[in-house]
Number of protein chains: 2
Amino acid sequence: MKEGPDIAQLGALIGDPARANMLTALMAGGALTASKLAAEAGVTVQTASSHLKKLESADLLIQRKQGRHRYFALADDDVGALLETMMGLAARRGLTRTRTGPKDPALRKARVCYNHLAGELGVALYDGLLASAMLDEVDGEPVLTEAGRERMMQFGIDLAALETQRRPLCRSCLDWSARRTHLAGSLGQTLLSRFESLGWARREAASRVVHFTERGETELLATFCRQDQNSHGNRSQRIMRDT
Amino acid sequence: MKEGPDIAQLGALIGDPARANMLTALMAGGALTASKLAAEAGVTVQTASSHLKKLESADLLIQRKQGRHRYFALADDDVGALLETMMGLAARRGLTRTRTGPKDPALRKARVCYNHLAGELGVALYDGLLASAMLDEVDGEPVLTEAGRERMMQFGIDLAALETQRRPLCRSCLDWSARRTHLAGSLGQTLLSRFESLGWARREAASRVVHFTERGETELLATFCRQDQNSHGNRSQRIMRDT
DNA sequence: TTCATACTTCGATGCTAGTCGAAGCATAAG
DNA sequence: CTTATGCTTCGACTAGCATCGAAGTATGAA
């Protein structure tokens, strides 16, 4: 009847549970081997191979051979963006998976959302920035205040470099575990890598889990989430240990 | 293994050809009856009913009863946004449907993309605005120039009102028929409804086709696509009748 | 009431596509 | 060479789901 881009093909590709698991595992931005992806998806390697072939020939994944391993990664930022969009909508629609796994608590606490920090610590950071008046929300969009700019530069963020980029500095991103927002955008991304280079946090190898050290977590909260900074800061509830 | 929002459920819902057709038909923003959607999807009403039930219970569609008719529409702007994202990616990946239908030429010429004008006339408008220096592109994002602002106000667009909104005035949107961009954003939307109220164009009842009158098309090109306006205007190729 | 239209539900059918076992390549190590 | 590992291909099986005919419900018209 119609002509044009086929949403159905795309949807069907993402619509299979095994493939969806693989894509979700790759959302952290890294590259994983075929066998790792098979384990993540909960299928045998033969099945995974078949899926990966389909995803690759649709240009959703790219493949890099290295020795006898084959590493797969998302082909493009567009793919990641689509997956994020779907995640967001699925979360808001209450389309959640039932079977829950062992990594779940760690994932809920801190994880990578595309390339920035999400989970409890992610929303705590966002709330803290708001409460201490480093961040402000105008028309629902987060904006860095003058105080925030200073603190970020003290913290070693090259704001000037970030602001020359096309992508927005601050964006809000809806969290699916907590029903709150956390900080995305180039600043969100840069902050996460800064946390890592400071040794506050490290990413778990083949998952989206982010492990914060005891000290890292304390420092994070002290640096960005002190309520008694400039404002009275009751704009956000404390939600640190609510699970 | 994991927990969280289930991309797979969403994907599977959109992944069926019949459902994808229905969703695509609803992207124009209107509400259609169940039987009309069945026809659009090329299935019987029983089958359509089953699909619509699923889409509704996933909160992708909403239903409004009116007499013995049931009108369905996209539940939310988020759904439309997701579909647009998927359309864009599918187009860039070359995932296009093969079977082409009778409405195809009309669709290619002018159609509704979510709520603004797409198709050949859409990209002609965009190119014309660029060529006559009413629109400029900074960092890939379209921006209205001073000359453009004046012309829009002459044309009866209430720019001041649009600019108080959250959503951006100008956005670019990738066309899937022509591989070009056309104008989205609140200005894009307002322009299309202005075309309609001027009698230049009207939307076909239950499709995304936009019919321009002979005069409407001429006026559109004269008003926004005169090359010999202020600039030398070779920044865009003419592509009007290239199919 | 009777008939017509719009839509849903039920039941049966048929096909697609995901799944895994077994075997086949390819690369690396001993 | 032989052995081990990582991955792909082939083939067969099976489950799930889209599909439609037939019957059932709801609204409107005559």
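This is a predicted model: local features need pLDDT of at least 70, side-chain atom pairs count only at pLDDT 80 or more; totals for chains, interfaces and linings use all residues.
1. How far is a phosphate oxygen of DNA strand C from an N or O atom in the side chain of A:Arg19? The separation is 2.8 Å, which falls within the limit for a polar contact (a pair of N or O atoms within 3.5 Å; within protein, one must be able to donate a hydrogen and the other to accept it, and residues adjacent in sequence count only if both atoms are side-chain atoms).

2. Residues are numbered from 1 along each chain as its sequence is written, chains are lettered from A and ligands numbered from 1 in the order in which they are written, and side-chain values use heavy atoms, with hydrogens and water left out.

3. DNA strand C is surrounded by 22 residues, the closest being A:Gln46, A:His51, A:Lys54, B:Ser35 and B:Ser49, where a residue is near a strand or molecule if one of its heavy atoms lies within 4 Å of it. These residues divide into four nonpolar, eleven polar and seven charged, with Ala, Val, Leu, Ile, Met, Phe, Trp, Tyr, Cys and Pro taken as nonpolar, Asp, Glu, Lys and Arg as charged, and the others, Gly among them, as polar. Of the atoms of DNA strand C within 4 Å of the protein, 72% belong to sugar or phosphate and the rest to bases.

4. Sugar or phosphate accounts for 71% of the atoms of DNA strand D within 4 Å of the protein. Phosphate oxygens of DNA strand D lie 3.2 Å from a polar backbone atom of A:Arg70, 3.1 Å from a polar side-chain atom of B:Arg19 and 2.5 Å from an N or O atom in the side chain of B:Lys54. The elements giving two or more residues to this surface are helix 3 (34-41), helix 4 and strand 3 (69-74) of chain A, together with helix 2 (17-26) and helix 4 of chain B; helices (H or I, at least four residues) and strands (E, at least two) are DSSP runs, numbered from the N terminus.

5. In chain B, three strands form an open sheet in the order 1-3-2 with antiparallel pairing, and its edge strands, strand 1 (32-33) and strand 2 (61-66), each pair on one side only. Two strands are said to pair if DSSP finds at least two bridges between them, and strands 1 and 3 of chain B pair over two bridges, with B:Leu32 standing opposite B:Phe72 in strand 3.

6. A:Leu129, in helix 7 (residues 120-131) of chain A, is buried, with a relative accessible area of 0%; buried means under 20%, exposed over 50% and partly exposed in between (1.4 Å probe, protein chains only). Leaving aside neighbours within four places in sequence, A:Leu129 is in contact (heavy atoms within 4.5 Å) with A:Met134, A:Leu135, A:Met152, A:Leu183 and A:Phe224.
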